[in-house]
Amino acid sequence: RLTNKFEGILTGKGLEFGGSLIRTEATGYGAVYFLQCMLEKTGGALDGATVSISGSGNVATYAAEKCLHLGAKVLTLSDSGGYIFDPNGIDAEKLEWVKELKNVRRGRISEYVAQYPGAEFHEGRPWSVPCDYAIPCATQNEIDEDEAKLLVKNGCKGISEGANMPTVVEGINVVQEAGILYGQ
């Protein structure tokens, strides 16, 4: 402002600054597409798989949406208060309800269980829920060494990160030593 020059960069740019038409969906979809590419190289598929996702903002909800498009069953979403586990799966209708809850009403993910009584709410993060694939989309440092061990023990076959640095170094070491798919 003082020099009447701009020499920085913008993230989340609007179209007038060269941004994408699907900016809102891009990161969540990208984490799932990356997982899909890893699976194609190893002979796996998301169709019929179970997925645990952390977060309930744009990245998480669009990751869940893309998982559903590809035939996966989404089991979890979370916020800073805890996570919901829906053993019946978070289908497209339930996901739209979550988007309205979080983006319009600014509610808490714990409210999901009142709307869908078959689900459970738990404090903490969703990494104790057995799943085929985990997609951390909430925050950095959300998968520590113990949670990585729990994911491996519960049969998780791969992790695709949607958040910025969600897995700590010790967790990465556990995952790599176990030989499961891992994408940052």
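Residues are numbered from 1 along each chain as its sequence is written, and side-chain values use heavy atoms, with hydrogens and water left out. Because the model is predicted, local features need pLDDT of at least 70 and side-chain atom pairs count only at pLDDT 80 or more, while totals for chains, interfaces and linings use all residues.

**Exercise 1. Overall fold**

Task: State how many helices and strands the protein chain has, and in what order they run.

Solution: 
- Step 1. Elements are DSSP runs numbered from the N terminus: helices are H or I runs of at least four residues, and strands are E runs of at least two.
- Step 2. By this assignment the protein chain has six helices and seven strands.
- Step 3. Read from the N terminus on, their order is α-β-α-β-β-α-α-β-β-α-β-α-β.
- Step 4. Of the 184 residues of the protein chain, 45% count as buried, where buried means under 20% relative accessible area, exposed over 50%, and partly exposed in between (1.4 Å probe, protein chains only).
- Step 5. Contact means heavy atoms within 4.5 Å. Among contacts between residues at least 6 apart in sequence, 59% join residues at least 24 apart.

**Exercise 2. The pair H2 and H3**

Task: Determine the relative direction of helices H2 and H3, and identify the residues that make their contact.

Solution: 
- Step 1. Axes are lines fitted to C-alpha atoms, for helices over the stretch in contact, and angles run from 0 to 180 degrees between N-to-C directions.
- Step 2. The axes of H2 (residues 58-69) and H3 (residues 92-103) come within 11 Å and cross at roughly 170°.
- Step 3. Angles under 35 degrees count as roughly parallel, over 145 as roughly antiparallel, 65 to 115 as roughly perpendicular and the rest as oblique. H2 and H3 are therefore roughly antiparallel to each other.
- Step 4. Thr61, placed in H2, is buried, with a relative accessible area of 1%. Residues up to four places away in sequence aside, Thr61 touches Ser56, Leu95, Val98 and Lys99.

**Exercise 3. The largest pocket**

Task: Describe the volume and the lining of the largest pocket.

Solution: 
- Step 1. A pocket is an open set of points, on a 1 Å grid over the protein atoms alone, where a 1.4 Å probe fits, with protein on both sides within 12 Å along at least five of seven lines; lining residues have an atom within 4 Å of a point.
- Step 2. Grid points are joined across faces, edges and corners, and a volume is the space filled by probe spheres set on the points. The largest pocket holds about 150 Å³.
- Step 3. The lining consists of Gly55, Ser78, Asp79, Ser80, Gly124, Arg125, Ala138, Thr139 and Glu142.
- Step 4. By class, this lining has one nonpolar, five polar and three charged residues.
- Step 5. Ala163 touches Ala138, Thr139 and Glu142, among others.

**Exercise 4. Residues in loops**

Task: Classify Tyr116, Val129, Arg106 and Met165 as buried or exposed.

Solution: 
- Step 1. Tyr116, in the loop between H4 (112-115) and S4 (120-122), counts as buried at 13% relative accessibility. Beyond its neighbours within four places in sequence, Tyr116 is in contact with Glu93, Lys94 and Trp97.
- Step 2. Val129, in the loop between S4 and S5 (133-136), is buried at 7%. Neighbours within four places aside, its contacts are Ser52, Leu75, Thr76, Tyr83 and Phe85.
- Step 3. Arg106 lies in the loop between H3 and H4 and counts as exposed at 64%. Its phi is near 60°, a positive value in a residue other than glycine.
- Step 4. Met165, in the loop between S6 (158-160) and H6 (169-178), is exposed at 58%. Met165 has a positive phi of about 50° although it is not a glycine.

Notes
Ala, Val, Leu, Ile, Met, Phe, Trp, Tyr, Cys and Pro count as nonpolar, Asp, Glu, Lys and Arg as charged, and the others, Gly among them, as polar.
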